[in-house]
Amino acid sequence: MYQCPSCGEIVMEGDPYCQHCGSHLNWPGKTENTYERNDVLSVDDIIDGMYINNAQKQLLKLKVNEYLASRDCNSLEVINHDNYRDYTFVFTRENEYVRTVDEFDYDAKYVNLTRVFRECYQSHYHDRLEANPRFQKMIEKIGLDFLGCSGGYGIDYSTADDRFRMTGEIRITVSFKSGSKKRIYDLDLDRMELGRDYREWDL
């Protein structure tokens, strides 16, 4: 059993982030490089140090720079796993309300000219949104038990060309308990308003 060093919550071994507070977790046997905008360490530095051939490096650089140019993307972390040919590229997109972490698995043995990455996993964090006074006022006004938020920055996967794309869209839903139902609204972040329509599911 492992605990997050920041908040003390239970975490699964190998998880890159604490699901409760979002803190990055370091595990033995992994090495990391982190790129922040205006940092001395460049994307080229990170990828040139990887154990892959030059053609793979050039293809990976194009894809990584494409993702870094996405809306509100401000950091990249590269985790090198034990076998030195398996990497996780962790991109962070955030604004004043939401933080989305996109984790792309890269396997040098997996060759795909459009998709590049083998798989993608997303995590969304809403602590800033839920602490916002305008959001809290909106929650109080609805008069239902607040259950939580879901969603954030988007990832689009196209089956037509087998390609991952980071989208500029931010979609967040807000859930409430209404009797024995879970009621879900879309949130307009700019206006800090819930949509008129909602969906309901049994709890």
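I looked up Asp107 and found a polar atom of its side chain 3.0 Å from the backbone nitrogen of Lys109. I count a polar contact as a pair of N or O atoms within 3.5 Å; within protein, one must be able to donate a hydrogen and the other to accept it, and residues adjacent in sequence count only if both atoms are side-chain atoms.

The model is predicted, so local features need pLDDT of at least 70 and side-chain atom pairs pLDDT 80 or more, while totals for chains, interfaces and linings use all residues. Residues are numbered from 1 along each chain as its sequence is written, and side-chain values use heavy atoms, without hydrogens and water.

I placed Asp107 in strand β6 (residues 99-107); strands (E, at least two residues) and helices (H or I, at least four) are DSSP runs, numbered from the N terminus. Is Asp107 buried or exposed? Asp107 counts as buried because its relative accessibility is 10%; buried means under 20%, exposed over 50%, partly exposed in between (1.4 Å probe, protein chains only). Leaving aside neighbours within four places in sequence, I found Asp107 in contact (heavy atoms within 4.5 Å) with Arg85 and Arg118.

Next I checked helix α2 (residues 54-68). Its 15 residues should span 21 Å, and its end C-alpha atoms are 21 Å apart, which agrees; the expected span is 1.5 Å times one less than the number of residues. At the N-terminal end of α2, Asn53 is the cap, with a side-chain oxygen 3.1 Å from the backbone nitrogen of Ala55. Buried residues of α2 include Leu60, Val64 and Tyr67.

Of its 203 residues, 44% are buried.
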